[in-house]
Each structure stands twice: as structure tokens, then as C-alpha cells.
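Please examine the structure shown below.

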Amino acid sequence: MDEIGDQYTPADVEEAVTAYWDEHDAYEATKEAHADDPSFFFVDGPPYTSGQMHLGTAWNKTLKDAVIRYKRMTGHNVTDRPGYDMHGLPIEVKVEEELGFESKQDIEEYGMEAFIEECMRFAEENREAMDEDFKSIGAWFDWDDPYKTISPEYMEAAWYAFSQVADHGLVEQGKRSISQCPRCETGLANNEVEYDEVVDPSIYVKFPLADREGSVVIWTTTPWTIPANTFVAVSEELTYAAVRAEKDGDEELIYVAEECVEGVLKKGRYDDYAIEETLSGEEMVGWTYEHPLAEEVPDHPSFEGARTIYTAEYVEADRTGLVHSAPGHGEEDFERGTELGLDIFCPVDSDGTYTDAAGKYAGQFVREANEDIRADLEANGALLADETYEHSYGHCWRCDTGVIQLVTDQWFISITDIKDELLENIEDAEWHPQWARDNRFRDFIENAPDWNVSRQRYWGIPIPIWVPSGGTPRDEDADRSDLTEDMIVIDSRETLAAAVDQDVDPESIDLHRPTVDDLTITRDGTTYRRVPDVFDVWLDSSVATWGTLGYPGETEDFEELWPADLIIEAHDQTRGWFWSQLGMGTAAFGESPYKEVLMHGFANDKNGRKMSKSLGNIVTPEEAIDRAGRDPLRTYLLSHDQQGVDLSFEWDGLGDTVGRFNILWNVFRFPLPYMELDGYDPADADMNDGELSIVDEWVLSRLQTVKAEMDDAWDDYAVHDALNTLLDFVTEDVSRFYVKAIRERMWDESESESKLGAYATLSVVLDEVIRLLAPFAPYITERMYQRFDGEATTVHALSYPEVDSEFHDPDLEDDIAVLRAAEEAAATARQQGGRKLRWPVDRVIVASEDKAVRESIDRLSELFLDRVNSRSVEIVDTFDELVAVAEPQMSAVGPAFGADAQKVMQAVEGTTRGEIDAGIEIDGETIELADEMVEYRSETPPGITGAAFEGGTVYVDTTLTDELEAEGYARDVIRRVQQMRKDLDLDVEESIDVGLAIDDDRIAGLVDEHRELIAEEVRAETFGDDPKAAEDAVETWDVEGISVTIGIDRRRE
RNA sequence: GGGCCAAUAGCUCAGUCAGGUUGAGCGCUCGGCUGAUAACCGGGAGGUCCGCGGUUCAAAUCCGCGUUGGCCCA
């Protein structure tokens, strides 16, 4: 791995480094090097094992990897166990697809045990593929020992935590209205419901009043919930109208909110109407009505308090102002119904078909019954209007089936009971960025409902609750409070083995279903059975901070490390993992399980749109690596805001990043040939060797400033700021200024003190840059380190460079900043004066009214002269050679001179103040000019051009003398010979013979004065005047309009 | 429908917290330099600071109302 190519080729570098790491166990060496450092407990957010790495997960793992590498280099023993989230419905659905299943029934027929084995195989296969993906971007985690949510230790961690939650009285069982996927036949958490636009029926239905004339009108998009209608809700704040409406000669009385009268009448296509009476919502409370499908659904709610009008807060003056309410379905309906003490009637099964209680519709799938219900309502004369409506509607996140709202029995963690504690615990974690915590996260927690943790599925952690047989949660008659009281919550395999009636080996038992389903517990003569549900998969990852430590099975690490020092995920996890962990940590242990959060963004396409198959705008990490490389991809991702802001992926931007690595590569390989020639080993660089020049001191000082700025950025996990500060230093300071400044010194004699100083400085700068960059770009830095030093097994095991105040000289940095600005202005002035940098000038004038600027240039005058190629510099507050040039003011000249004004203008324009003062002549007559007729602008005298910089102006005197011209031409000849040497591919130290002919006698004479200089610079042994005789190369050049013919010959021994 | 975030040069982004003539890099273009050469340096062109309104002597920045995109929630 010793050859350094002329070109930076990421693929070659990365291939070589990967092989090197494998061969030398670089990862293990790195961990070993920091094994005794203070611990840093990082916890990996477990990606779900149903897909492969995409750009977003690549970013996520890259950021984590960079932080871990940085933390190690700054002296921490970092926990780097990767995690995988391997349970849950998404995998079940994928396996069902593979097996061609369509319903739960298929799973039962296939056999639960076999199905679960398939899920495990699927998850493991995906995990292995994802391992490889993550490794491919240089993510150094402990891939041999990931934590997996399906391992017995991990599942036990969930059981233990849940039992703690139960001990705190926060586990409840009860009926709740939930989103149910009728295909998966399970309840879904809110965040598992995705909203898509669908077209649904939109019907207005008349509910005939029982104790008076007329009907109330409701609107619904779910006709299938009408069989379960239990009450109608009105608003306390609305006024309602009794409307006498007429259609086709028939009259009827309907009640709607006053504001909705016109809308409803229009929908019903009534010919005419009159408002008979208005009344408040309150006045309507207690009115009763007939169920509009009374005959079709004989068992419809008719219990005490049913078919009655009540108020509810969820009623708005929308559509009709009255709301059909079915506590057996809707969440709000359920809450209000419970509040009113109404029974819950839900005639729908978990698979979305009506039960016998639905009468005529029994056995039908609810959404398919919509049409029959609509027809029956119409036949009953209850349909006021019948339309369709496009709106967003919830769908199962995995199988895309439209969800239905049902009231079922579920197990909950009563988050609402500990809300104050949750809000307090938020404060214990520091977030980057902080606004995410204080706005979004806090808002969410304030509104968080109880956490439904039960799923009626197979591939998950079985809920460790055993309840008395006959009192299962599916039993309609079971008393809820008793159930919670009587439940037994098992916290571990040991406890399980001790408690159950069967023989169980805690060492070998697999806690998955169906193994645990058959285990019973007998206590005081009562037999307990496990509730059949599994945990919501969000509960799995919520226990990650102790699950990854094997707690409670292993307690040592937990006691030492917990809670986590840092977690890193994208902003979608605010209400995902950031939340679930806080909820679980608080409910189980009373505290936040993490101390710091770094929240990054999403990787979108170049237009800021989500990458998706349907938009065809997906960029894969593989493609990015193929086109640009691993280090450039990582660096590109990390150079953008890492705190809450999305990334718009752009190929050009990735290309720019490659460009910056090219610069770094060039800086790195630039000194190598010289050092090799001198037998200089950069690893042995010693600042005491050689002599430091001002630019050496400056770049070393800049390096200290850069480290200090990077430290500040890292402290705030502003990873992008740290990286960009470093990259700017490499391109702006090291490449553009420093390397350019020391190039000449590289050609000094081998024992030159100045050269040794430059070697030492550049060695130190490169050594530190390599280490500073290592966390971001692990491959190229390893490559460079191994070429440059290589003493340690890997650069990643080394320490991060620290600020050395001995080399910090802010005043010098200020001086050089001024110098660079002035130098830039000088270059501009030269360009305007048509004098290229290779040609020396006699003098440069720096004019500044700022004393500090003048002093800076004065202190650095030698360097300044060198860089602007001038023989002298004058530093002044004002440049007194400027010429005041007259500008006629025509608003004054015109009225005074009338017809002669044009002549006056021409005579005045461009003359100097002296000439004006001496008097202007027009047609032989001297004329009088008033002060206001002329203004003056300052111009440089002939041969001098100026350009401003921040803090002053630089003037360059480009007047030629023979001496300047002689050197200029000589330098041009040198440059041409060097080009020819290079074209011949000569060795740097190889000698040549030169022949030179210049097609202008005067110039030839001038150049002749510098024969020795030329011969020395181009390593010419002989210098003749017959270029054509040369055998190796003859070329004629145009130098400033003069034809110059050069011939060169390699010296042959 | 609600909350949070974003929108500034062709592209990527600073600047917004703390109001005072919009900046940088890349790209483009013209020129220069050059034994780092697919590198490097300088000049130039290139902006309704997403829109509309308000506060203010003064708004990219503060406030309000929108538009577009992202995430989360309903």
C-alpha cells in the first residue's frame, strides 16, 4: 500500500484500505487501544430488518460511525453494538406474501410455529444483508455481536421492563376504539396508520324523531357504522333550525344547524323551505329517535340511553351540525359514550365482517355492505342525499388495507397517568438541535394518549401477562378492573420457569409463541393462561438502552453505563424511538434512558422531494459509491447540516466533494518526491529541526485555530461545522496559500534549514489533518497515514489532535489575513496594468488609513514583496501621486456658457487640477470657471494601476526598465524549458543541455544577462545558441510577441 | 385539518437567534500561474433573499396571512 498515485482514485484507495483493515484487524486494534478509557455509552437505534440500506440509513450509520470514531479518538471506550429491530407486522406481511397467504386463517392452517420460524429466517437473512450494506460504507460497529430484538435476553429485557411498569400500576386492560387492520386482524398504533386519498360514500341520513314530528339529519362517509349508531350529538354552542322543506309537492320537517340549512337543503334538492323555529343544542338534548335501520338490524342499540340526542364537543357547524355517533367504532364517539355511561355496541368482528348482531348484514365485509346499507336507507326514506367524497383515509402501513375503527379489548401503558413526570424527564436530555425537544417533542408528549401495546399477531414478544382462565380479555363479560388486579406479570425466564405448571428450562426456552402460549400458572387453585397478544413492535426498541446490555440478565454493565450517553436518529423518530424510549424509561424506571439526542434529517432528491419508487428519483448508496466513492459520499452527507435539516441530494454536490478530496490528495502527495529524494521521514518530523519561516508559523497557528473551532463544533455535535472548518482549512489555507508559499523551498539544497522547517511544518499539518479528518473519511485518511507514518496499526486508534497554544499566534493570523487581501488586490491591479506575475515590478504601494493594516503589511513586507513579485513596497496612509482629474458639472456649465457649453465640457474633461487652476482656453480666450462647474476624481498616474481591498488600496507601478524586462523574459524562458522537461518526462534532478535562440536582438541581449540564473533553474550543464541541434526536443514559443526557440537534450553519460 | 422544519446566485449553502449596502464555495466566462497540472490564482457576469401585508428611520432577518416541499400527527 505504498505507491501513491498521481490521481486520487477512491475505489483503489478504499479497496486497498479495506484489505488492509481485514489483514491487520484494524477495528479490533482500535477498540483495544481505547479499552481502558472512560466509557461512552452510545446506543444504536435498531433499523428494521425488512429492507436494505438506502441513502437515509447510510447517512444515519455514517453519522453514528463518525461520532463513534471521534469519541474513541478523544479518549472514550465507546459502546458500539449495532442493533436490529426484527419483530413485527411488516415482516409477518412480507412472509405472508412469500407464502401466498391472504388472511390470518392461512397462518393458522400453515401452523403458527412454522410461520414464526419463517419470520425468523426472513429477519435473519435481511439482517445479514444489512450488515454487509453498513460495512460497505466503512461503519465500524461490533458486527459480530449485534443486539437483536428476537434474542431471549433482549425479549427478557422487555418483559422485565413491562413488569416494572405493571408494578407501578401503569398497565391497564380495557376496551378502546382503535384502528384495526381487517386483513392483518390486529389493532394498529396510530403511527402505523398511513393516510391516502380515497373516494368514499358521502351520505346525508334522516333519523326520524320518536317523540315529535320530523327528523334530525346527519352526515357520514362510513355508512357501515350506522348499524352501530347509539346516539346523535349536537353542539352546545350552535343554534339549530326546524326547517319545513318541500320537494315534489311533499313536505317534511328536518332539524339541522342554522348555519347548515342552505347547504343541506341544496344537497337534498328541495324546491322550497321555511324555518319554523330555532333552538339551542341544549334544548334538543334528550330527544329520542328511531334507528334508521331498525328492521334490518333488529339488535340495534336500544338499551337505556340509546337513540337519544346528547351534546358533544366534537360537533362543528360542518355539513349538518349533527353527528352520528357509534361508541363501538369511533374514538371520540367511544369516549363520549363511555362518559355518558352508554353500553358499547360493536357488531363487527376483527376481520371486518359483521357479526350476527348486525342482522341482515351479518357475515358481510363492512365496506362492501356500504352499498346495501345505502339502498336500505333509501328504501326506508331516510336518505336525504347520496354523493361521494374524496378525502384522506387511514390504511394499514404494511398491507395498505383500509383500516376500520373498532372497539376491542387491548392492553395499555397508562402514559396519561405519568405525563407530568414525562414532561420533567424531557429536561434531563440535551437535544441537538434544541428546538426539536422544546417544540415538537414537548407538544407530542403533552398530547400523548395511553400506549396501546397489544397486537393480535404472532411475530413479536409475547405479552407476559397471565390471567385467570375464563377471564380472558376476549371475554365480553369480564370485569376489567378485576382482570388487571388478578393478572400475573412475569419478568424473566427464571420467574417463568418457577411459576408455570410445566417443566421449563430457563436456559433454553424460546420465549416466542407458541411455546409460551401453552404454559399455565396455578395459584390458589385458579389456573392462569397467558393473554394471546404480542407486544407492539415499538415496545421492542423502546427497551434498547438496557436490552443491548443484556439487563436484567446481566447487571454490571447496566449499573455502570445506563442511561445512554447519546442516541442518533432522524427526525421521524421524534414520535418514534425518541418517544417510545422516554415513555418506557419513565414508566419502568422513572427516568429518561438517554442523556443526549442528535437528530438529523432525511435524504431527499435534488428538488427536496422524498425519494420514492413511484417518483423514480431514488439514488442508492451503491450508485453514489460507484460514481464518487465511499469517503466522498460520507463527507458529502456529513458536510450538510446534521441537526434536523433535510438533505437535497445532488450529484454535482457529490462531485464537488470529490474535487475537495483531489485537493487534499495533491497537498498530501506534493512533498513526497522531495522528501524521498532527501531521505526525509515525515513520521520523524521535529519542529526543532530546521528553521521556521513566517508562513510556517502562520499555518501552524491556523491549525490551532481550526482545532479550537472544531472542538466547539463537536461539543455541540455540529458535525458538519467541524468537517467544513477542516475542509476549508485544507483548501483555503494549506493548498492555496501555504503550499504555494513553500514550493520554492522544496528545491533548496538538501541541508537547507529553511527546507527542513517547511518539511517539519507540512508533516505536522498533514499528520494532524489526517487525524482530524479520520472520523469523517476513514479510508483516505488511513491510506495517507500508512504512507506518511504507519507506526500504529491504524490511524483510527490514535488520539485526536489537541490545541497547542505554543503555536497559536492570532496576531500573525490577522497579519496574514491582511496580507492575503492586499496580495489579491495587487493581483487585480497587475491584471489591469497588463503585467503578469512572473514579471517583476519596481514598486508596489499599499495605501491604508488603518494603522493596523499598515503595520501588518510592514511586519510582513518581505513576504509581501515575494508574493507580489516587487522590488519594493511603500506603505502610506494616502497615495500622494494620485492625479486629480476634472469632471465638468454640466448642470452649472450649461446655463453659464450656453452654446459654448459643449466646448467647455471637452476642454475640461480629463484635465488635471493644475491645468484648471492655470486657466482653460477656448478659441484663444481664457475662461473663468466657478468652483461648482468642476469636480475632481482621483486617478492613478500613467504606469500605475490600483485596486481596493478591505482596509485599503494597492497600487502597482508597472513601468518597465531594461532590468525588469530582462528578468521577465528570463523567467519566461525558464518556464518554457521547465515545461519541455516535463513533457520529456525527465527526472526532477536530471541535467540537460540547452540551446536558445531569440528572434529579437535587444531581447536576446537582455536574456543573456541571466544565462546563469536560467542554467541553474533548469539544471542546464551547457547553454548554447543553436536550439535546432538538439535531438530530444525543439520548440518555438511566443513570449510576449517575440519568437523564442528552445532546444533541449538529456545529458547522456 | 393541526404542530414543527425548510425556501437566499445555475447548484450546494452561510447570513435569520441579537434588524443597518446579501456573502462563500462550486459551476460559467475571461485572464494568469505552473516540476501539485484532471491541481492552483485573479477578474467578470449572475439575486423580486418564495409571495402578499404589517411593525420600524431601516426588514433576508421581527410579526401576520399565504404558496411550495419535508417530517410528525389527525
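In this predicted model, helix α11 comprises the 14 residues 366-379. At 1.5 Å a residue, α11 should span 20 Å, and its end C-alpha atoms are 19 Å apart, which agrees with that expectation. The helix α11 also bends, by about 25°, at Asp372.

Which residues of α11 are buried? They are Val366, Ala369, Asn370, Ile373, Arg374, Asp376 and Leu377. Just after α11 comes Gly381, where phi is positive, at about 70°.

Attention now turns to helix α30, which consists of residues 861-868. Within α30, the residues Leu863, Phe864, Arg867 and Val868 are buried. These four cover an arc of only 120° around the axis, and therefore lie on the same side of α30.

What covers the buried residues of α30? The covering elements include the helices α24 (694-715), α25 (719-742), α28 (810-833) and α29 (851-859), together with the strands β30 (843-847) and β31 (873-876). After α30 comes Asn869, which has a positive phi near 55°.

Definitions and conventions
Residues numbered from 1 in each chain as written. Chains lettered and ligands numbered in written order. Predicted model: local features only at pLDDT ≥ 70, side-chain atom pairs only at ≥ 80, totals over all residues. Heavy atoms only, no water. Helix = DSSP H or I, 4+ residues; strand = E, 2+ residues; numbered from the N terminus. Expected span 1.5 Å × (residues − 1). Bend = angle between axes of the 7 residues up to and from the residue. Buried < 20%, exposed > 50% of the residue type's maximum accessible area, 1.4 Å probe, protein only. Arc of directions from axis to C-beta. Contact = heavy atoms within 4.5 Å.
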